[in-house]
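Please work through the following exercises with the structure in view. Each task is followed by a stepwise solution.

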Amino acid sequence: MTIVFAVVCIAILVVMAIALARAFIAPTVYDRIIGINMFGTKTVLFIAAVGFLMGRPEFLDIAIVYALINFIGMVAVLRFFEDTTPVK
């Protein structure tokens with residue numbers, strides 16, 4: 001069973017790399033924000049999977065806190081870009 005979770009962790013890392021690539025080469029600011037948000041979400045999933053793989057349930061608490069920080073950060077960034085968008 002640990003082999004399955006190790007493979008899942010590797011797959012999540014690959015998806016995280018794809019999310020970072022999307023964030024770096026995205027054409028618009030909002031596409032970059034979506035890429036970073038996807039990276040943050042996959043990071044939460046990775047922390048939870050590694051915690052289960054290592055038998056450390058306290059990693060779930062860390063993952064939940066990271067998810068909250070990710071959500072609040074995304075709301076703040078979107079509010080910033082909403083306020084600084086030029087009016088046509």
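The exercises below concern a helix, a residue and aromatic pairs.

The model is predicted: local features need pLDDT of at least 70 and side-chain atom pairs pLDDT 80 or more, while totals for chains, interfaces and linings use all residues. Residues are numbered from 1 along each chain as its sequence is written, and side-chain values use heavy atoms, without hydrogens and water.

**Exercise 1.** Determine which residues of α1 are buried (under 20% relative accessible area; exposed is over 50%, partly exposed in between; 1.4 Å probe, protein chains only).

Solution. Helix α1 covers residues 2-25, helices being DSSP runs of H or I with at least four residues, numbered from the N terminus. Its buried residues are C9, I12, M16, A19 and A23. These residues pack against α2 (29-54).

**Exercise 2.** Describe the surroundings of T43.

Solution. T43 belongs to helix α2. T43 has a relative accessible area of 11%, so this residue is buried. A polar atom of its side chain lies 2.7 Å from the backbone oxygen of F39. Leaving aside neighbours within four places in sequence, T43 contacts (heavy atoms within 4.5 Å) M16 and Y66.

**Exercise 3.** Classify the aromatic pairs (Phe, Tyr or Trp rings, the six-membered one for Trp, with centres within 6.5 Å; planes under 30 degrees apart are stacked, over 60 edge-to-face, the rest tilted).

Solution. The whole structure holds two aromatic pairs. The F5 and F52 ring centres are 4.7 Å apart with planes at 55 degrees, so this pair is tilted. F5 in helix α1 and F52 in helix α2 are 47 residues apart. F80 and F81 form an edge-to-face pair, at 5.4 Å and 70 degrees.

Terms used. Helix = DSSP H or I, 4+ residues; strand = E, 2+ residues; numbered from the N terminus. Expected span 1.5 Å × (residues − 1). Polar contact = N/O pair within 3.5 Å; in protein donor to acceptor, adjacent residues only side chain to side chain.
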